[in-house]
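Please view the sequence and the structure below before reading on.

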Amino acid sequence: MSISVLLATSVYRNAGAARISTEYQQFQGESGGVTSTNKASADGFGQAPLPSPGTSKPGAGASDGNRNGKEIYINVYLTKEQRTERVSLENYVKGVLAGEMPADFELEALKAQAIAARTYIVRRLELDDHSGMPATAAASRADVTDTIDHQMYISLDQLQVLWPKDEQKANLAKLDKAVSETRGEIITYSGEPIQAVFFSTSNGYTENSEQYFQEELPYLRSVASPWDKQISPRYEETVKLALSDFYARLGLATNKKPAIRVLDKTAGKRIADIMIDGKTYTGREVREKLGLASSQFTWKLDKDEISITTFGYGHGVGMSQWGANGMAEEGKSAEQIVTYYYTGTKVEQASKL
């Protein structure tokens, strides 16, 4: 299937924008890697949803580091420095790997993340997609930013100062190994690069794409992810809100204790629909309005306060990073990890597309 056919046959229910769809922008942040004390990302982009019709077109194509026999280079806009850095494809993947996953994860988990990161940028190049770029002269010449609007990216020179000196050499060697051992590898479905979305921690299951992002994709199906509960420090979290704050965030004008009832659950055991004081919300809406870690949650009322306990960390669609690490700890390979979380996919060399 060609990319043009893939675009024509995919379901577009969302208005595309930065990160190709604004719904993928929400909670894609809190990225992991070296930038947040070795915590994996809450909602990784690592791969945008399909662009809306008319926003992208098939491009010149990408391969395993070469295009028409030449090395592929990625122009990365460094947002804070307001300049563009030009790096090879594989060095770009290394920088994303550092930004999106802790270096102390298992090697095979890091390799799985590297494959996902490479899939994103190859797909973006193939589609000649420049969505989500800032309106500046420097950014206009770039392919991608270094932020969660695309993929977190850490410049190689920055890595030297972000890690403690006694860890720098080992961490860099580990990243080098993860990237070199997966050189040119991407995740495909029906011969095309996928939208390899990922997130930090599952509640025990991943989610069907349409139950969080609306767009239904055959390789983003709910699967069990039992490893997260045992090893992720972000599996369970409790936040407390004053009822006045709770109501204000939900746009409700009342001061009484709320009547809350779950109406429906998703395939991934998260809240699909919930009624609060007679108004129906999706689990995603409540998560975003209240700033919760997950759309699976329980609650407890106590006088003028509500305590909300969440399970999992992130949108739940695609690959769980802590689940990937758990699989790697059990001896699973990077290929086994990505083909488990992305249903019906293959790991192939980009040059074969």
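Just after helix H11, Gly-331 takes a positive phi of about 100 degrees. Helices here are DSSP runs of H or I with at least four residues, strands are runs of E with at least two, and both are numbered from the N terminus. The model is a predicted one, in which local features need pLDDT of at least 70 and side-chain atom pairs count only at pLDDT 80 or more, while totals for chains, interfaces and linings use all residues. Residues are numbered from 1 along each chain as its sequence is written, and side-chain values use heavy atoms, with hydrogens and water left out.

## Overall make-up

The protein has 12 helices and 17 strands. Of its 353 residues, 56% count as buried, a term for a relative accessible area under 20%, with exposed meaning over 50% and partly exposed in between (1.4 Å probe, protein chains only). Contact means heavy atoms within 4.5 Å. Among contacts between residues at least 6 apart in sequence, 69% join residues at least 24 apart.

## Helix H11

Helix H11 covers residues 321–329, and eight of its nine residues are buried. These buried residues are Gln-321, Trp-322, Gly-323, Ala-324, Asn-325, Gly-326, Met-327 and Ala-328. They pack against several elements, including helix H3 (89–100), helix H4, helix H8 (227–231) and helix H12 (334–341). Strand E9 (198–199) and strand E16 (319–320) are also among the partners of the buried residues of H11.

The N-terminal end of H11 is capped by Ser-320, with a side-chain oxygen 2.9 Å from the backbone nitrogen of Gly-323. A polar contact of this kind is a pair of N or O atoms within 3.5 Å; within protein, one must be able to donate a hydrogen and the other to accept it, and residues adjacent in sequence count only if both atoms are side-chain atoms.

Two packed helices are described by the angle between their axes and the distance between the axes. Axes are lines fitted to C-alpha atoms, for helices over the stretch in contact, and angles run from 0 to 180 degrees between N-to-C directions.

| Helix pair | Angle between axes | Distance between axes |
|---|---|---|
| H4 and H7 | about 60 degrees | 8 Å |
| H4 and H11 | about 135 degrees | 7 Å |
| H3 and H4 | about 120 degrees | 9 Å |

Angles under 35 degrees count as roughly parallel, over 145 as roughly antiparallel, 65 to 115 as roughly perpendicular and the rest as oblique. H4 and H11 are therefore oblique to each other, and H3 and H4 are likewise oblique.

H4 passes H11 in a right-handed crossing; a crossing is right-handed if the near helix is turned clockwise from the far one by less than a right angle, and left-handed if anticlockwise. Glu-108, Ala-109 and Gln-113 of H4 make this contact with Gln-321, Ala-324, Asn-325 and Ala-328 of H11. By class, the residues of the contact of H4 with H11 are three nonpolar, three polar and one charged. Ala, Val, Leu, Ile, Met, Phe, Trp, Tyr, Cys and Pro count as nonpolar, Asp, Glu, Lys and Arg as charged, and the others, Gly among them, as polar.

The crossing of H3 and H4 is also right-handed. In H3, the residues that meet H4 include Leu-89, Glu-90, Tyr-92 and Val-93. Their partners in H4 include Leu-110, Ala-114, Arg-118 and Ile-121. The contact of H3 with H4 has 10 nonpolar, one polar and three charged residues.

H4 passes H7 in a right-handed crossing as well. Leu-107, Leu-110, Lys-111, Ala-114 and Arg-118 in H4 meet Lys-174, Leu-175, Lys-177, Ala-178 and Val-179 in H7. This contact of H4 with H7 has six nonpolar, no polar and four charged residues.

## Glu-90

Glu-90 lies in helix H3 and counts as buried at 7% relative accessibility. Its side chain reaches the backbone nitrogen of Gly-184 at 3.5 Å. Leaving aside residues up to four places away in sequence, Glu-90 touches Arg-118, Val-179, Arg-183 and Gly-184.

Most residues other than glycine have a negative phi. Gln-82, in the loop between strand E4 (73–78) and strand E5 (83–88), has a positive phi near 55 degrees. Gln-82 is exposed, with a relative accessible area of 59%. Lys-269 has a positive phi of about 70 degrees and is found in the loop between strand E11 (260–265) and strand E12 (271–276). At 42% relative accessibility, Lys-269 counts as partly exposed.
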